[in-house]
Amino acid sequence: MDVMQPLFWLALLKIIWINILLSGDNAVVIAMACRSLPDNLRRWGMILGAGVAVGMRVVFTAVVATLLGLPWLKIVGALALLYIAVDLVLPEEEGAEGGVAGHDNLWRAVGTIAVADLVMSLDNVVAIAAVADGNWTLIIIGLIISIPMIIAGAALIMSLLSRFPALVWAGAALLGWVAGEMFISDVKIHEFFGEAFAHNMEYPVAIAGALLVLAIGWTIARARKGAHVESSNP
């Protein structure tokens with residue numbers, strides 16, 4: 001994928017949008033880990049912690065992107081993405097980030113951010129690896145651009161997503177689309193059905209993935225809402 005091609009820039013926009021949608025919890029971790037630092041070190045803690053996290057995530061994403069070239073793993077990755085996409089549109093549990101400790105030491109805060117980011121970033125990594133399709137330039141540029149955006153505008157991003165829930169649903173549909181593309185591009189799918197068939201089915205399967213995410217997410221969300229209403233009105 002050449003940098004001058006429109007597909008490159010479309011993939012880059014996908015990576016940035018997916019990373020912003022999936023990294024709200026990471027922004028919360030950064031804020032909580034640095035909350036006990038002195039005022040003059042808090043900003044450095046956030047910058048250094050994010051920088052270390054970006055470096056680790058680039059390596060992690062590159063490893064996952066390489067592994068996705070093995071048979072069956074894109075199918076597994078596609079199923080994981082479908083789960084991530086559905087989970088994205090479901091209500092979050094309260095207090096999910098309550099266990100993140102604040103530190104009054106700069107490097108301990110940086111270490112906490114790096115470890116927490118790595119543990120929490122599997123969803124980002126799988127999605128980015130799927131979109132980048134092994135393109136290192138896309139992986140690095142996408143992460144370098146999106147992480148500072150998340151840190152600098154975490155509050156704004158969260159308020160926008162809360163105010164316009166359709167943005168979250170659109171992001172979930174995008175993940176479903178990517179999952180469909182990943183599924184149909186697996187080596188085993190090509191072996192069973194042939195590359196020509198897989199290529200012709202790329203868009204239909206991608207559309208099916210997006211619609212599947214929206215249908216499952218809407219059904220579960222509606223069921224949970226109904227259960228909540230029943231429990232609050234015995």
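Me: Is V213 buried or exposed?
Reply: This is a predicted model, in which local features need pLDDT of at least 70 and side-chain atom pairs count only at pLDDT 80 or more, while totals for chains, interfaces and linings use all residues. Residues are numbered from 1 along each chain as its sequence is written, and side-chain values use heavy atoms, with hydrogens and water left out. Buried means under 20% relative accessible area, exposed over 50%, and partly exposed in between (1.4 Å probe, protein chains only). The relative accessibility of V213 is 1%, so V213 counts as buried.

Me: Which residues does V213 touch, not counting residues up to four places away in sequence?
Reply: V213 lies in helix α12, residues 202–232; helices are DSSP runs of H or I with at least four residues, numbered from the N terminus. Contact means heavy atoms within 4.5 Å. With sequence positions up to four places away not counted, V213 touches L82, A85, V86, A172, A173 and G176.

Me: How far apart are the C-alpha atoms of V213 and W169?
Reply: Along the chain, V213 and W169 are 44 residues apart. Their C-alpha atoms are separated by 9.1 Å.

Me: What is the phi of W72?
Reply: W72 sits in the loop between α3 and α4, and its relative accessibility of 44% makes it partly exposed. Most residues other than glycine have a negative phi. W72 is not a glycine, yet its phi is positive, at about 75°.

Me: Is V59 buried or exposed?
Reply: V59 lies in helix α3. Its relative accessible area is 51%, so V59 is exposed.

Definitions and conventions. Helix = DSSP H or I, 4+ residues; strand = E, 2+ residues; numbered from the N terminus.
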